[in-house]
Every structure is written in C-alpha cells, then in structure tokens.
Amino acid sequence: PSHDRSFDEFKQVFEGFTTLIYLLIFSVSFIVFFYPLEIFSLWTRQPIDNIAGEIDLVIKFLILGSMLLAMQFPFYYTLLAYSKTKYTVLQGFLQIIIGIPLLVFVAKIYGIKYIGIPWFLINLLGFVYLMYICLRKYLYINIGDFVIKHVVFKAFIGFILAWLGHVIYRHYSASFVLIFFLTSFLSFFSMLIFDNIFEKRNFLSYKHLYNFPRV
C-alpha cells in the first residue's frame, strides 16, 4: 500500500493537516499555559488572590491535557477514514475506567490543587496510543521522525517564544492582551518558517497547509 498513489496522497493530506493543527495548538497552548490566572480573572471578572496557587496548577495541567487531546485529532480522523473506530472506542472506554478512579484518588489524597494531573495523564497515554496505532499500522510513518518533526520541533519553538513573551510581560508591565496576541502570531509564523526550511520549501510557503490533493 505504501506505493499506491491514493495512499501517498492520503499521507500528504495527513502531513499537511497535522502541520496546520499543530501550528495552531502550539502557538496558543503554551501562551495560555503562562497566563492561567490572568485568563481566569478576565473570564470570571473576580479577584482570585486567595486561591491563586491552587488554581494556577490546576489550569496548567488542564491546558496541557487539552493540548494533548487536540494533538490526537489527525489520528482520530485517520482512523475514521479507514473505518477503524474500534481503537477510539477502546480508548474512550479505558480512559473512563482509569481516569475517573484516578481523579477521585488524587482529589481525596492530594486535594483540588492536583486534580488536573489525571486529565493530563490520560490524554498523554491516549496520544501515544493513537499515534502508535496510526503511524505503525496504517500510515507507515516512522514514529521517531514524526515526534521530532511535528512535536519536539514545534513545541520547543512555541514554548520558548511563549516564555520570552511572559518574561517581557512580567518585567516591563506590558499589556497582557497585547503580549498574548503578538506572541501567538509570532509563534505561528516562526514555526511555519522553520518547518518550511526543514522541509526545503520556500520559507514563506503556506499553501501546503490547505491546498490538499483530492484523494
């Protein structure tokens, strides 16, 4: 199947879709990660000084878990295209069986401060599980290459730029909203440019993100 034209086109669609989704995920998630209290205060319009320590850690783990959940979308739609929904059904069942008892255990033993950890863990395991199934059984893509190209490479750039934006915000009393949007914009296009260089495309190329071949 690896030499079939339609299969190669499907892999091209998968690569383009994954690149676009991960650019969006990493350009937003890490920025939200650094401003949990500001975003929570903006949303609730209430002071949270008395619970800031607990809320901060909870939101950060919820953000990381949601990021890992979003990173599963390309795998989910790949399995759907192959009509192999049994894997996602099994995943959902196991996450309920494992996640709920783990959530209760953590809340009872460690309190509300750490209840985001089960969400993070089950989505980390779900991401690894679906990635392995899709890449090894259906797309025949090297897992190590995929992780370096789509995860490590983009996550590193997104994290560093988000951290630098947060440093500027803290030390120079910059506008939170302005820093948030500027850093998101800079992260997205920095990852896109480096991805183009890595793939030996024109560094300003962007049509590959949406101009998919017809499978």
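**Aromatic pairs and salt bridges in a predicted model**

Y22 and F26 both sit in helix α1 (residues 5-34), four residues apart, or about one turn of the helix. Helices here are DSSP runs of H or I with at least four residues, numbered from the N terminus. An α-helix has 3.6 residues a turn, so residues three or four places apart point the same way. The model is predicted: local features need pLDDT of at least 70, side-chain atom pairs count only at pLDDT 80 or more, and totals for chains, interfaces and linings use all residues. Residues are numbered from 1 along each chain as its sequence is written, and side-chain values use heavy atoms, with hydrogens and water left out.

Y22 is buried at 0% relative accessibility. F26 is buried too, at 1%. Buried means under 20% relative accessible area, exposed over 50%, and partly exposed in between (1.4 Å probe, protein chains only). Y76 and Y77 form an edge-to-face aromatic pair, 5.1 Å centre to centre, with 75° between the planes. Rings of Phe, Tyr and Trp (its six-membered ring) pair if their centres lie within 6.5 Å; planes over 60 degrees apart count as edge-to-face, under 30 as stacked, and the rest as tilted. Y76 is partly exposed at 35%, and Y77 is partly exposed at 47%.

The whole structure holds 27 aromatic pairs. In one of them, the ring centres of Y22 and F26 are 5.9 Å apart and the planes meet at 75°, so this pair is edge-to-face. Ring pairs also build a cluster, whose members include F14, Y22, F26, F33 and F159. K60 lies over the face of F33, 5.1 Å from the ring centre. For such a contact, NZ of Lys or CZ of Arg must be within 6 Å of the ring centre and within 35 degrees of the ring normal.

K60 also forms a salt bridge with D56, the closest N and O atoms being 3.6 Å apart. A salt bridge needs a side-chain nitrogen of Lys or Arg within 4 Å of a carboxyl oxygen of Asp or Glu. K60 and D56 are four residues apart in helix α3 (residues 52-70), about one helical turn. The count comes to six salt bridges. E38 pairs with R170 at 3.5 Å between the closest N and O atoms. E38 lies in helix α2 (residues 36-44) and R170 in helix α7 (residues 143-172), so this bridge ties together parts 132 residues apart in sequence. E38 is buried, at 16%. D195 and R201 meet at 2.9 Å, N to O.

Conventions: Helix = DSSP H or I, 4+ residues; strand = E, 2+ residues; numbered from the N terminus.
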